Amino acid sequence: MKYLVTGAAGFIGANVSKRLCAMGHEVVGIDNLNDYYDVALKLARLAPLEALSNFHFIKLDLADREGIAKLFAQQGFQRVIHLAAQAGVRYSLDNPLAYADSNLVGHLTILEGCRHHKIEHLVYASSSSVYGLNQKMPFSTEDSVDHPISLYAATKKANELMSHTYSHLYQLPTTGLRFFTVYGPWGRPDMALFKFTKAILAGETIDVYNHGDLSRDFTYIDDIVEGIIRVQDKPPSPTPDWRVETGTPANSSAPYRVFNIGNGSPVQLLDFITALERALGIEAKKQFLPMQPGDVHATWADTEDLFKAVGYKSQVDIDTGVAKFVDWYRNFYAQ
Ligand SMILES: NC(=O)c1ccc[n+]([C@@H]2O[C@H](COP(=O)([O-])OP(=O)(O)OC[C@H]3O[C@@H](n4cnc5c(N)ncnc54)[C@H](O)[C@@H]3O)[C@@H](O)[C@H]2O)c1
């Protein structure tokens with residue numbers, strides 16, 4: 001099988017590419033290698049992939065319409081796993097237009113490529129942030145997600161809408177995965193676990209927002225990869241008797257699906273910090289601060305639908321996952 005993986009130098013994209021290659025598939029990975037965070041980390045993720053004979057990297061921007069069209073025309077992909085995006089809730093307050101280019105134009109160039117080259121299945125990254133103002137827990141794909149509270153979240157919800165349109169108009173099978181706070185080795189420097197680890201090792205104070213009263217459904221990277229690999233093997237079929245009035249927002253009369261992909265058990269921020277302190281053997285100096293704009297109070301994934309569809313539930317608990325991250329961090333940064 002020949003795959004396109006977008007965002008192949010990114011945290012999730014590099015791990016998915018590695019797994020697909022290990023399964024014997026041919027993978028073309030694209031990424032624009034932007035400097036939203038340390039490019040050296042992106043290159044380090046790519047280095048072991050580029051040593052594989054069934055992986056090929058192309059530096060390309062999603063918003064390069066001709067470049068993406070040419071890529072699809074030349075490569076003859078069967079499946080697409082679209083993970084490239086401008087990520088980050090807080091950054092979207094200061095740099096909203098980066099999200100228009102990468103997440104809106106970029107999603108459309110990928111949809112167009114899939115449409116014109118009869119891709120079997122497009123799997124793409126959505127986000128738990130689409131739940132926005134929702135209070136009902138756990139978050140379910142049955143719930144309405146019409147009230148995002150960051151531009152990042154709005155672009156991810158827009159990706160689901162754009163995908164539905166292409167599933168309907170062109171019978172393109174699409175599956176959106178709402179990822180819940182992914183963490184683990186090779187993780188992102190803009191996320192809490194990385195920032196806290198770096199600060200604690202340097203003897204610096206960590207910023208604890210909403211005075212610690214936050215919780216997240218942290219999901220370990222290997223569980224995310226397993227979920228993606230299983231989902232991409234199951235292109236959605238249309239649900240013929242589906243109606244807007246009676247059906248769930250998670251599927252459609254078109255070949256369209258949306259799943260939550262999370263751990264299914266939220267962890268309080270202070271318990272998360274305790275797990276990190278245990279793994280590092282150092283107590284953190286904490287500065288308690290108010291809630292940040294754009295942030296949600298809590299996330300918790302209802303993962304029943306995903307389990308029914310692919311028979312997989314997340315396996316890795318927070319202590320194990322955080323310890324694995326710390327091992328990687330200490331080794332990678334020689335600390
Ligand atoms: N990590 C999480 O907790 C999380 C949670 C929810 C959703 N997501 C989504 O999952 C996907 C992967 O996230 P990640 O954590 O691996 O992020 P990441 O930033 O590590 O990876 C994204 C990659 O996409 C590349 N990229 C960005 N804009 C691009 C463009 N215009 N053209 C080409 N490449 C571009 C970046 O250089 C980066 O390497 C993203 O869509 C993200 O929004 C992640």
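In this predicted model, helices α9 and α11 cross in a right-handed sense. Helix α9 covers residues 269-280 and helix α11 residues 318-332; their axes come within 9 Å and cross at roughly 50°. That angle makes α9 oblique to α11, since only angles under 35 degrees count as roughly parallel, while 65 to 115 is the range for roughly perpendicular. On the α9 side the contact involves F272, A275, L276, A279 and L280, which meet I318, D319, V322, A323 and V326 of α11. By class, this contact contains nine nonpolar residues, no polar residue and one charged residue.

The description used here rests on two quantities: two packed helices are described by the angle between their axes and the distance between the axes.

Helix α6, residues 151-170, is one partner of α5; the two axes come within 10 Å and cross at roughly 15°. With such an angle, α5 is roughly parallel to α6. The crossing of α5 and α6 is right-handed. From α5, the contact draws on P96, Y99, N103, L104, H107, L108, L111 and R115. Sorted by class, the contact of α5 with α6 has eleven nonpolar, five polar and one charged residues.

A further partner of α5 is helix α3, which comprises residues 65-75; the two helices pack at an angle of about 30°, with their axes 9 Å apart. Because angles under 35 degrees count as roughly parallel, α3 and α5 are therefore roughly parallel to each other. The handedness of the crossing of α3 and α5 is again right-handed. Here R65, I68, A69 and F72 of α3 are in contact with T109, I110, G113 and H116 of α5. This contact of α3 with α5 comprises four nonpolar, three polar and one charged residues.

The ligand is surrounded by 27 residues, and the closest are G7, G10, N32, A85 and A125. The most is given by α1, with three residues. In terms of class, the shell around the ligand divides into 13 nonpolar, ten polar and four charged residues.

Two features of the backbone deserve attention. Most residues other than glycine have a negative phi, and most peptide bonds are trans. The bond joining M137 and P138, however, is a cis peptide bond, with omega at about -10°. P138 is located in the loop between β5 and α6. The other feature is at T181, which is not a glycine and yet has a positive phi of about 25°. T181 is placed in the loop between β6 (174-179) and β7 (182-183).

In an unreviewed entry, UniProt lists residues 4-236 as "domain: NAD-dependent epimerase/dehydratase". In the model, the span of residues 4-236 is 44% helix and 18% strand, and its end C-alpha atoms lie 19 Å apart.

Conventions. Residues are numbered from 1 along each chain as its sequence is written. This is a predicted model: local features need pLDDT of at least 70, side-chain atom pairs count only at pLDDT 80 or more; totals for chains, interfaces and linings use all residues. A residue is near a molecule or strand if its C-beta atom, placed from the backbone, lies within 6 Å of it. Helices (H or I, at least four residues) and strands (E, at least two) are DSSP runs, numbered from the N terminus. Ala, Val, Leu, Ile, Met, Phe, Trp, Tyr, Cys and Pro count as nonpolar, Asp, Glu, Lys and Arg as charged, and the others, Gly among them, as polar. Axes are lines fitted to C-alpha atoms, for helices over the stretch in contact, and angles run from 0 to 180 degrees between N-to-C directions. Angles under 35 degrees count as roughly parallel, over 145 as roughly antiparallel, 65 to 115 as roughly perpendicular and the rest as oblique. A crossing is left-handed if the near helix is turned anticlockwise from the far one by less than a right angle, and right-handed if clockwise. Two residues are in contact if their C-beta atoms, placed from the backbone, lie within 7 Å. UniProt positions are given in the numbering used here, feature names are shortened, and annotations may be inferred rather than shown by experiment.
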